[in-house]
Amino acid sequence: MQQVLAMLYLWLKAGHVIFVIFWMAGLFMLPRFFVYHQEAPEGSPENAIWVDRERKLMKIIMWPALVVVWVLGLLLAVDIGAFAQGWFHLKLAFVLVLTAYHFWLASYAQLLAQGVRKLSGKKLRMLNEIPGIAAAVIVIMVIVKPF
């Protein structure tokens, strides 16, 4: 298994980066969709359009990207022995935060689809900073490996 992973390392890494980009795009887009969705009158045709857009973004891009990111990321981590390295522990913690954020976004999309609007546009815009901050820490851990 180790030899196969070593031979495929660059392909796994390329796939991982590609699907991280897809996933991050969704993590940035969906909260913006929520802001616009909440401005649409409840029960209106526009509201229904936002529900459909959010559902498609989650189903077609975000859920598949999340799965591929995790599978390829874990394969890469095993291949390079990352589980024994400090930088990887912090990276993994931030990936877990992003994954939890993803699940929260999915649950909030369901609430919006049911007509429940718990957060203001301002709070949603502030929450939209989470993936950017997490991405910055993750990239620093992977590139610089400070510990």
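About 700 Å³ of space lies in the largest pocket of this predicted model. A pocket here comes from a 1 Å grid over the protein atoms alone: it is an open set of points where a 1.4 Å probe fits, with protein on both sides within 12 Å along at least five of seven lines, and lining residues have an atom within 4 Å of a point. Points are joined across faces, edges and corners, and a volume is the space filled by probe spheres set on them.

The model is predicted, with local features needing pLDDT of at least 70 and side-chain atom pairs pLDDT 80 or more, while totals for chains, interfaces and linings use all residues. Residues are numbered from 1 along each chain as its sequence is written, and side-chain values use heavy atoms, with hydrogens and water left out.

**Overall layout**
- The protein chain has 5 helices and 0 strands; helices are DSSP runs of H or I with at least four residues, strands are E runs of at least two, and both are numbered from the N terminus.
- Along its principal axes, the C-alpha trace spans about 55 × 30 × 15 Å.
- Of the 147 residues, 35% count as buried (under 20% relative accessible area with a 1.4 Å probe, protein chains only; exposed is over 50%, partly exposed in between).
- Take contacts (heavy atoms within 4.5 Å) between residues at least 6 apart in sequence: 80% of them join residues at least 24 apart.

**The pockets**
- The largest pocket has 28 lining residues, and H16, V20, K91, I138 and V142 sit nearest its centre.
- Helices α1, α2, α3 and α5 each supply at least two residues of that lining, with the largest share, 8 residues, coming from α1.
- By class, the lining of the largest pocket splits into 23 nonpolar, 2 polar and 3 charged residues (Ala, Val, Leu, Ile, Met, Phe, Trp, Tyr, Cys and Pro are nonpolar; Asp, Glu, Lys and Arg are charged; the others, Gly among them, are polar).
- The second largest pocket has a volume of about 160 Å³, and its lining includes R55, M58, W63 and Q110.

**The cores**
- The largest nonpolar core has 26 residues, of which W23, L27, L30, F34, M62, L98 and L105 touch the most other members; such a core is a set of buried Ala, Val, Leu, Ile, Met, Phe, Trp, Tyr and Cys residues joined through side-chain atoms within 4.5 Å.
- Giving two or more residues each are α1 (2–39), α2 (45–80), α3 (86–113) and α5 (130–144), and α3 gives the most, with 8.
- Leaving out residues up to four places away in sequence, M62 touches W23, G26, L27, L30, L57, H102 and L105.
- There is also a second, separate core of 5 residues, including A77, W87, F88 and M141.

**Helix α3 and H102**
- H102 is in helix α3, and H102 counts as buried because its relative accessibility is 0%.
- Apart from residues up to four places away in sequence, H102 touches W23, L27, M58, M62, W63 and L66.
- With 28 residues, α3 reaches 41 Å from its first C-alpha to its last, close to the 40 Å expected at 1.5 Å a residue (1.5 Å times one less than the number of residues).
- After α3 comes G115, with a positive phi near 90°.

**L10 on the outside**
- L10 lies in helix α1, and L10 is exposed because its relative accessible area is 64%.
- L10 and L76 are 66 residues apart in sequence, yet 9.4 Å apart in space, C-alpha to C-alpha.
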